[in-house]
Structures are given as C-alpha cells and as structure tokens.
Amino acid sequence: MPTELRDSLDRPIEYLRISVTDRCNLRCRYCMPPDGVPRRSHDDILRYEEIVRAVRAIVPLGLTRVRLTGGEPLVRPGLPTLVRMLGAVKGLRDIALTTNGQLLAERARELRDAGLRRINISLDTLQPERYREITLGGEIDRVFAGIAAAREAGLSPIKINAVLIRGMNDDEVVDFAQLTLGEPYDVRFIEFMPMGDVGLWSPEAVVPEEETRAAVEALGPLEPAPTPATSRGGEAWRLPGAKGTIAFISPVSRPFCSSCNRLRLTADGKLRPCLLADHSVDLRAVLRSGACDSYIRAAFAEAACAKPNGHHLSEGVTCLTTPMAAIGG
Ligand code: SAM
C-alpha cells in the first residue's frame, strides 16, 4: 500500500510543477539567453502520456496539485489535451498554468473547457515599448488580450506575476498596485533570483520586499486578504476598496523553503527537488524502461529525500548554472 510522499524534513510533497517544453516565444532578458536554450530533440521531451502516467502514480501518495509551465507552455501543441488528460486523474484537485500570455487570447476558452481553472500570467511592465525591450520583441497588447480572454472564459483567480529588477521596472510598482483597485487581478511582486548566467543578476538588482511594500503603501494601508490554500510563500493583501489583491513573493529576503511542498519535472523528464539546486533524478529513464508504478514512486521518493533544507540566496549563494526556462518557472 503506498504511503505519503514526504521529504527528509517530513514536509509533505503535494505539488508538482511540470515543464511541458523548454522552448519559449519570448527572450526575456533576465530569464533566457538571447539565442534560447540548446534545442532538445522531440524524443528527449516527455510525451503527454508519460507525464500523465507519472502523475497518476503519485496522486495516491498525496500529490493534489500540478502547475504546467515551461519555457512557454502554450507553444507546445495540444496543451488543452494534456489538461483534459490530467483532469481525468482521480484525486488530482487542481491544475494551474503559468504563461507569458502571448498566445492566451486564442487558447483561454479551450483551456477552460478542458478543465483549467486558474492561471498565472507573467507581465513585468505595463509599458508597450519597455515590454518589447524586456522580452526582446513581445507584444504587450497580446498579453492584455490574453488577460481579457482568460477573464471572459471564467478562469479565476487571474494572477499577474511581475519580477522586479532595479533599473528595469522598479518604477512601476505603484502602477501595478493600482491595477488591483479597479480589476479583480491578483498582482504578485516577485524578487529577482540568480538563475542562469544571463548577465543581468547582481545583489543590487534585487528589489527587496520591504521596499516594494513601502511603495505600494503610499496608496493606502494594506489589509490582509484571504489567502487561497494553494498559495505558498506570499500572503495576500488588499488596498482599501480594491477588487484585486497584492502579494510579495520574496525568495531572497523572506525564503519560504520550510513550507516548500513541491517537486519540479523538467520537459526532458528530470525530477528536481529544488529550483535552486542542480540535482535531479532521471524520471524519463524510469518511465521508458517499462517499469511498474512502484519504480516511478521510488524515483519521486528519491527526489523528495534529496530536497535541501533550503536555499542560501540571502547569504549570497547563487544558482547561475541553469536558466529558469530550462527548469520550468
Ligand atoms: N513562459 C511562462 C511565463 O513567462 O510565465 C512560464 C515560464 S517562466 C520561466 C515562469 C516565471 O519565471 C515567469 O514569471 C518569469 O518572470 C519567472 N522568472 C524567470 N527568471 C526569473 C528569475 N531569475 N527570478 C525570478 N523569477 C524569474
């Protein structure tokens, strides 16, 4: 009889972030090298059936939630099919998606119909020209159209993730916060982490939570808002009378490792115990060896056991070897 999946610190593993592709249609300057990451062959990437088989094997051990990410998940053909297949896994309670929104306007309805309920959209600026610069050519109007389509399709909540980088977009904190006044969007300010050697990171580039919060509070006092059970690492806050909420995700200045309940699965089938540690277990080899479910569970148990107590970003330790896009943010 399977037992619960727990790590060596007894943290339960309930959440799997699944990267469905390492390709992306943007080249955000702080995330992707300008030439992208080395292209993997089609065969290297897990098939949807393989992803679903792994999830099905682990749900009896306590996995309840998955998030699809990338690269850009919407560039992989047939993503709604994967959502539908995951939706059929009994016991899996929540399927979420993180996207840059470029292709969302066309897909929001289909994704909702397939069983997606909530969505995170990455948007680091509200200024069209700046968006083009940060993303190396992205169209901000496509993101706005994607957000509108997500809303119309009934996806909720709609979270907007903004990574703040000093000198790049830290002058827009108030503009983002103001968005929540009139619209029911949940804006999340994310601290910049040292990921991948893309040449932009320095300790000074991080905008600490304290500073962001002070800028937001110029608009009024933040009141605690109900924080969804699915949210880790950042309680929700609300400006007086606002329709949406604000959260601060602060892996550098306020790490939330002690409550980390997740593993990550890369597009090529590596199970990573921690975003910021270059260690992985080769799940693809297990899946393709014809092994039965107990071997899949053993691979997950091995990854869970290898989960470090926490990262050490605040002490200046960095993780510059692997870009975020190659892991799945
Ligand atoms: N393409 C999708 C998107 O843009 O949402 C999913 C993948 S992307 C790697 C996921 C998230 O990681 C994005 O919100 C991005 O801003 C964030 N991200 C990338 N590099 C980061 C870094 N060094 N520090 C903090 N967040 C980062």
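This is a predicted model: local features need pLDDT of at least 70, side-chain atom pairs count only at pLDDT 80 or more; totals for chains, interfaces and linings use all residues.
## The ligand and its surroundings

A polar side-chain atom of E72 lies 3.0 Å from a nitrogen atom of the ligand. The protein covers 94% of the 550 Å² of accessible area that the ligand has on its own.

What is the make-up of the shell around the ligand? Its residues divide into seven nonpolar, eight polar and two charged. There are 17 residues around the ligand, and those that come nearest are Y30, G71, E72, S122 and M193.

How many strands form the open sheet, and in what order? The sheet has 12 strands, arranged in the order 7-8-9-6-5-4-3-2-1-10-11-12, with mixed pairing. Strand 7 (223-224) and strand 12 (281-282) are the edge strands, and each of them pairs on one side only. In general, strands of a sheet pair through backbone hydrogen bonds, and the pairing may be parallel or antiparallel.

Is V281 buried or exposed? V281 counts as buried because its relative accessible area is 6%, and the cut-off for buried is under 20%. The C-alpha atom of V281 is separated by 9.9 Å from that of A301, and the two residues are 20 residues apart along the chain.

Strand 1 (residues 15-19) runs parallel to strand 2, and five bridges join them. Within this pair, L16 stands opposite V66 of strand 2. Strand 2 also pairs with strand 3 in the parallel sense, over four bridges. Here L68 stands opposite L97 of strand 3. Further along, strand 4 and strand 5 (residues 158-164) pair in the parallel sense over four bridges. N120 has K159, in strand 5, as its bridge partner.

Strand 2 is largely enclosed by the rest of the structure, because five of its five residues are buried. Both of its faces are covered: R65, R67 and T69 lie on one side, V66 and L68 lie on the other, and all are buried. Strand 3 is mostly covered too, with six of its six residues buried. From strand 3, D94, A96 and T98 point one way, while I95, L97 and T99 point the other way.

## Salt bridges between strands

Side chains of opposite charge can pair when their charged atoms come close. The structure holds 23 salt bridges. One of them joins the side chains of R65 and D94, with an N to O distance of 4.0 Å. This pair links distant parts of the chain, since R65 is in strand 2 (residues 65-69) and D94 is in strand 3 (residues 94-99), 29 residues apart. R65 and D94 are buried.

What other salt bridge does D94 form? The side chain of D94 also meets that of R118, at 2.7 Å from N to O. D94 lies in strand 3 and R118 in strand 4 (residues 118-122), so this pair ties together parts that are 24 residues apart in sequence. Both residues, D94 and R118, are buried. Elsewhere, salt bridges that share partners join D22, R40, D268 and K270 into one network.

## A partly exposed pair

The side chains of D10 and R6 meet in another salt bridge, 3.6 Å from N to O. Are D10 and R6 buried, exposed or partly exposed? D10 counts as partly exposed because its relative accessible area is 49%. R6 is also partly exposed, as its relative accessibility is 32%. By contrast, R65 and D94 are buried.

Definitions and conventions: Residues are numbered from 1 along each chain as its sequence is written. Side-chain values use heavy atoms; hydrogens and water are left out. A residue is near a molecule or strand if one of its heavy atoms lies within 4 Å of it. A polar contact is a pair of N or O atoms within 3.5 Å; within protein, one must be able to donate a hydrogen and the other to accept it, and residues adjacent in sequence count only if both atoms are side-chain atoms. Accessible areas come from the Shrake-Rupley method with a 1.4 Å probe; for residues, only the protein chains shown count as cover. Ala, Val, Leu, Ile, Met, Phe, Trp, Tyr, Cys and Pro count as nonpolar, Asp, Glu, Lys and Arg as charged, and the others, Gly among them, as polar. Buried means under 20% relative accessible area, exposed over 50%, partly exposed in between (1.4 Å probe, protein chains only). Helices (H or I, at least four residues) and strands (E, at least two) are DSSP runs, numbered from the N terminus. Two strands pair if DSSP finds at least two bridges between them.
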